[in-house]
Amino acid sequence: MANILVVDDEMGIRELLSEILGDEGHVVTTAENAQQARDVRAQGAPDLVLLDIWMPDTDGVTLLKEWQRDGMLTMPVIMMSGHATIDTAVEATRIGALNFLEKPIALQKLLKAVQQGLTRTSETIRPTPVYQPRPAPVALEEPATAAAVATAAYAPGLNTGNGIAQSPQVPVQAETAVFGLSFDMPLREARDAFERAYFEHHLVREGGSMTRVAERTGLERTHLYRKLKQLGVEPSKVSRKG
């Protein structure tokens, strides 16, 4: 999961890219102009930026130059436009843009460019590996223990009396639900339900501390607040439940 900033003055483009990238598991923040993009960048660098070239207040190339001049171009930027010339695309690449996508953007080209950008990010921040001796393997007391643990996690309460759940005896409900989420739900609803449960768990665990929850989940506080608001999770109410 990556934090991606989409900057475009067209609402339809912002919503479409947010939906596509959200379905890929990313956290998407949007900005409709250069000033909003500056505000988001000032709060922390996203993992990737999709930046439109033609915008009413400040064009994308000018914003790219600003970030490069101020030392804030620390994340991959993919430029987008339906009217840019080859010279504009070349200039953006020279300044520091990673790629250029022509509108209307084909889905596969978008996903491929995003994956390349995120791969570039991970290669840049990947720490030097440190050798650590491999711990000796620990044998399970009973060969079936691992299966029993997995069954208990995915289908709590299903037990044959000896701690081991047998496949033929598993009810159909256990095959269509995990952690109370039905596999018959639409993907978006199931994902939102899981994310709500995920964040509520960490909020209760950390006593409502947004700083600790941000550290636990690997999100910047700004993105965490936006995500909770999007999911309808109120941190103060959730933490009181614990």
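At what angle do helix H2 and helix H3 pack, and how far apart are their axes? Helix H2 (residues 34–42) and helix H3 (residues 60–69) pack at an angle of about 25°, with their axes 11 Å apart. This is a predicted model: local features need pLDDT of at least 70, side-chain atom pairs count only at pLDDT 80 or more, and totals for chains, interfaces and linings use all residues. Residues are numbered from 1 along each chain as its sequence is written, and side-chain values use heavy atoms, with hydrogens and water left out.

**Overall make-up**

- The chain has 11 helices and seven strands. Both are DSSP runs, numbered from the N terminus: helices are H or I with at least four residues, strands are E with at least two.
- Of the 242 residues in the chain, 34% are buried. Buried means under 20% relative accessible area, exposed means over 50%, and partly exposed lies in between (1.4 Å probe, protein chains only).
- The accessible surface comes to about 15000 Å². Carbon and sulfur atoms account for 53% of that surface. Areas come from the Shrake-Rupley method with a 1.4 Å probe; for residues, only the protein chains shown count as cover.
- Take the contacts between residues at least 6 apart in sequence: 57% of them join residues at least 24 apart. Contact means heavy atoms within 4.5 Å.

**Helices H2 and H3**

- Two packed helices are described by the angle between their axes and the distance between the axes.
- With the angle at about 25°, H2 is roughly parallel to H3. Axes are lines fitted to C-alpha atoms, for helices over the stretch in contact, and angles run from 0 to 180 degrees between N-to-C directions.
- The angle classes are: under 35 degrees roughly parallel, over 145 roughly antiparallel, 65 to 115 roughly perpendicular, and the rest oblique.
- H2 passes H3 in a right-handed crossing. A crossing is left-handed if the near helix is turned anticlockwise from the far one by less than a right angle, and right-handed if clockwise.
- H2 brings Ala34, Ala37, Arg38 and Arg41 to the contact. H3 brings Leu63, Glu66 and Trp67.

**Helices H8 and H9**

- The axes of H8 (residues 187–205) and H9 (residues 210–217) come within 9 Å. They cross at roughly 130°, so H8 and H9 are oblique to each other.
- The crossing of H8 past H9 is right-handed.
- On the H8 side, the contact is made by Tyr198, Phe199, His202, Leu203 and Arg205. On the H9 side, it is made by Met210, Val213, Arg216 and Thr217.
- Thr217 of H9 is buried, with a relative accessible area of 13%. Leaving aside neighbours within four places in sequence, Thr217 is in contact with Tyr198, Phe199, His202 and Leu224.
- Glu195 is found in H8. Glu195 is buried, at 12% relative accessible area. Not counting residues up to four places away in sequence, Glu195 touches Lys227 and Leu231.

**Aromatic rings**

- There are two aromatic pairs. Rings of Phe, Tyr and Trp (its six-membered ring) pair if their centres lie within 6.5 Å; planes under 30 degrees apart count as stacked, over 60 as edge-to-face and the rest as tilted.
- The rings of Tyr198 and Phe199 have centres 5.2 Å apart and planes at 80°, so this pair is edge-to-face.
- Ring pairs link Phe194, Tyr198 and Phe199 into a cluster.
- Tyr198 is partly exposed, at 31% relative accessibility. Phe199 is buried, with a relative accessible area of 3%.

**Thr88 in helix H4**

- Thr88 is found in H4 (residues 86–95) and is buried at 14% relative accessibility.
- Leaving aside neighbours within four places in sequence, Thr88 is in contact with Ile53 and Val61.
- Thr88 and Val61 are 27 residues apart along the chain, and their C-alpha atoms are separated by 8.1 Å.

**Around helix H5**

- The peptide bond from Lys103 to Pro104 is cis, with omega near -5°. Pro104 lies in the loop between strand S5 (99–102) and helix H5 (107–125).
- Gln116 is found in H5 and is partly exposed, at 41% relative accessibility.
- Gln116 is in contact with Leu98 and Asn99, leaving aside neighbours within four places in sequence.
- The C-alpha atoms of Gln116 and Pro76 are separated by 9.4 Å, with the residues 40 apart along the chain.
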